[in-house]
Amino acid sequence: MPVITTHSLVVHAVFENQVTVELVHEILASAAGVVLYDDPATGEFPTPADVVGTDPTWVGRVRRSLDDPYALDLFLCGDNLRKGAALNTVQIAEAVAAEFPS
């Protein structure tokens, strides 16, 4: 599927200890700049078309890896022009500026 302004990643994350999908959902749901959109029962997950024009990174399809009990697989996507370029630059500048006293 051609996309113009979004990018997507399929992530295979390996952890030191076993983690549950529920724990990862809890962490992602409270993470700044992240939208957790993951409801397997209704087939809801983010697609590049969903995220166009939005600032956060969207995460879905969080699943336990089939081949490694210490790994999870998940799908991420975001608007590359918003978060990947302009907003990300501003957020980095704000973080750097916060390190210096006024």
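Modeller: A surface patch is made of residues with over 30% relative accessible area and no salt bridge, and nonpolar side chains are joined within 5 Å. The model here is predicted.

Biologist: Which residues form a nonpolar patch on the surface?

Modeller: I92, V96 and F100 form one, with about 310 Å² of accessible area together. F100 is found in the segment after α3 (82-98).

Biologist: Why is F100 called exposed?

Modeller: Exposed means over 50% relative accessible area. F100 has 57%, so F100 counts as exposed.

Biologist: Why does T6 count as buried?

Modeller: The cut-off for buried is under 20% relative accessible area. T6 has 9%, therefore T6 is buried. T6 lies in strand β1 (residues 6-14) and touches P48, V51, V52, G78, D79 and N80, leaving aside residues up to four places away in sequence.

Biologist: What makes V59 part of a nonpolar core?

Modeller: Such a core joins buried nonpolar residues through side-chain atoms within 4.5 Å. V59 belongs to the largest one, which has 9 residues, including L28, L74 and L76. The elements giving two or more residues to this core are α1 (21-29), β3 (57-64) and β4 (71-79). Beyond four places in sequence, V59 touches L28, L74 and L76, among others.

Biologist: How do you know that β3 and β4 pair?

Modeller: Two strands pair if there are at least two bridges between them. β3 and β4 have 5, so they pair, in the antiparallel sense. One of the bridges links R63 to D73 in β4. The two strands form a hairpin with 6 residues between them.

Biologist: What joins β2 to β3?

Modeller: Strand β2 (residues 34-36) runs parallel to β3 and is joined to β3 by 3 bridges. V34 stands opposite T57 in β3.

Methods: Residues numbered from 1 in each chain as written. Predicted model: local features only at pLDDT ≥ 70, side-chain atom pairs only at ≥ 80, totals over all residues. Heavy atoms only, no water. Buried < 20%, exposed > 50% of the residue type's maximum accessible area, 1.4 Å probe, protein only. Helix = DSSP H or I, 4+ residues; strand = E, 2+ residues; numbered from the N terminus. Contact = heavy atoms within 4.5 Å. Patch = residues over 30% accessible without salt bridge, like charges linked within 9 Å, V, L, I, M, F, W, Y side chains within 5 Å. Areas by Shrake-Rupley, 256 points an atom, 1.4 Å probe, with all protein chains shown as cover. Salt bridge = Lys/Arg side-chain N within 4 Å of Asp/Glu carboxyl O.
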